[in-house]
Structure formats: C-alpha cells, structure tokens
Amino acid sequence: MPDRPGTAAAAAAPDGTALLAATPDRMRGALGHFASGVTVVTTATEGPDGPHAHGMTANAFTSVSLEPPLVLVSISTRARSHRRIDDSGRYGVSILGAEQGPVAHHFAGGAQSPEAVSLEWRDGLPLVGGALVHLACRVRQSHRAGDHTLFVGEVEGLWLGSGGPLVHYRRDLRALAGPAPTPAGDPGAVSARDQAPAPAPVPTQAPAAAPVPDRAPARTPEPTAVREHAPHQAPAPAPVPHQAPGPRRDPNPGTDREERPAHAR
C-alpha cells in the first residue's frame, strides 16, 4: 500500500532535506521568515471613571477589501484583548514606525517602557501616538480558527503619518527607511514632477500679475492626547498629519499589556 505524503516513509524533500512535522515551535520558526509590519491592536472598556485602554502587539494583520474597507486581525483566544474586542465590537490598529520598537516590546509583555507610550483617543478608541497609520474599526465578522479568532473590521476612520516602518523578521524587530514624504503624508498625493506640464499662458491686454511666491500650507496643531479616563462622548480630535507637533505624552497610560502571541515571537 503506498505511503501517504507526510508519513515517515515519504519524509524527504526533493533536495534531500527532512520533512518535519508542523509543531508549534517549528511553525513559529518557519513563519518568522515571513517579514511583516508591526501593529498595536487596541480597544477600550468602560469603567466607573470612564473608558480604559487595552492593547497588544500583533503582526497578524492584513488588508481584506478596499470596497468596503475591511481589515483583519488574528487574536489568540488566550489573550485578554480577545474577550475585550469581542465585547466592545470595536478595535483600533496603530501601524508602528521605525523608532517605535520600545512600544512594540511594551505591548508584547516584554520590557515595560511606559515613558515611550503616548495614547491618542480618536473616535472613542485609544491609538498609539506617533504611529505611521491609525485605523478605527468596527467588527463586522469573527471567525474561530484553531486557537485564534479572525476579527474582520470595517475601517470607519483612517489617519496617515509618514516615515519608515518597524518590521518583524525572525523574532527580531528591524527598522526600514521610509520614502520621501508626500504632501500631508498622503501616499496618493501627486508630486510636482508627476503633474502634466501647465499650458502656455494666453496673452491678454491686461498686464501680467506679479508672481506670488509659493507658501507652505499652514499646519494645524496636533491635538493634545486625551488621558485614558476621558469619556467616550468627548468630541474626537480633527484628523491631522503626524508631522504636526506631537501630542502630550501620558507618562503612565495604564494600558493592559498582553503576553506576546505565539505567532509574533
């Protein structure tokens, strides 16, 4: 009787290397070769003195759809954030920048660095100050998959910054240089060199007006970060680019930290 693939008799690849069983440790090591960005997934719970922020570091994050705008986070059923997201029905995603390694470690249960963490409340959700991207999401679907749940969220708010990303590769965090910034940190903005040449001016009887020097658009100051006990009904700050002056840092944001999920080690 022929052996099925994966049995001991068929445990060799064409190049002669051994075919290994997909144990949790081997899966962790193998999937560590897939370089990914690093996010902090956050949510809020109501307390007697106002909303409380909770967060965990996760690299199991992906885009699902553009129309409607859907993203997905995979959360271990053992993580405290799992129950909190399930209860609240909402979560935030902060895509971390190259210099935010201490923030990633803090929310992964590693070295505690509260001085490196500042929180911004947007649309009732806590988000990590200084991140490259902020997403405010509402859970539309959840799917149990093994020891994790896939939370599909519809993006209800999006804020863009600029800079290089923080990258997770083989159990280590690495920084990548970012592209040249575009106006207002908008990757869809068209640079001057990509614009079509302006048409030649049509001569008129009136004298030509003196050229007006270009002026950089006035920047809106970054809103002051609201502490974690601010009530949900407080008006959400207007979305502004991250290049504006940073928010006031909360020296002790009081966020719950999670143990690093197995897939992120």
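Tutor: Let's start with the open sheet: seven strands lie in the order 3-2-6-9-10-5-4, with antiparallel pairing. This is a predicted model, where local features need pLDDT of at least 70, side-chain atom pairs count only at pLDDT 80 or more, and totals for chains, interfaces and linings use all residues. Residues are numbered from 1 along each chain as its sequence is written, and side-chain values use heavy atoms, leaving out hydrogens and water.

Student: What counts as a strand, and when do two strands pair?

Tutor: Strands (E, at least two residues) and helices (H or I, at least four) are DSSP runs, numbered from the N terminus. Two strands pair if DSSP finds at least two bridges between them. The protein has three helices and 12 strands. Strand 4 and strand 5, for example, pair over four bridges in the antiparallel sense, and S65 stands opposite L70 in strand 5.

Student: Which strands stand at the edges of the sheet?

Tutor: Strand 3 and strand 4 (61-65) do; each has a single partner strand, so one side of each lacks a neighbour in the sheet.

Student: How do I read which residues of a helix are buried?

Tutor: Buried means under 20% relative accessible area, exposed over 50%, and partly exposed in between (1.4 Å probe, protein chains only). In the protein, 37% of the 265 residues count as buried. In helix 2 (residues 80-88), the buried residues are S81, H82, R84 and I85.

Student: Which strands do the buried residues of helix 2 pack against?

Tutor: They pack against strand 2 (39-47), strand 3, strand 5, strand 6, strand 9 and strand 10.

Student: What is L135 in contact with, leaving aside its neighbours within four places in sequence?

Tutor: Contact means heavy atoms within 4.5 Å. With those neighbours set aside, the contacts of L135 include F61, V71, Y91, L127 and V155.
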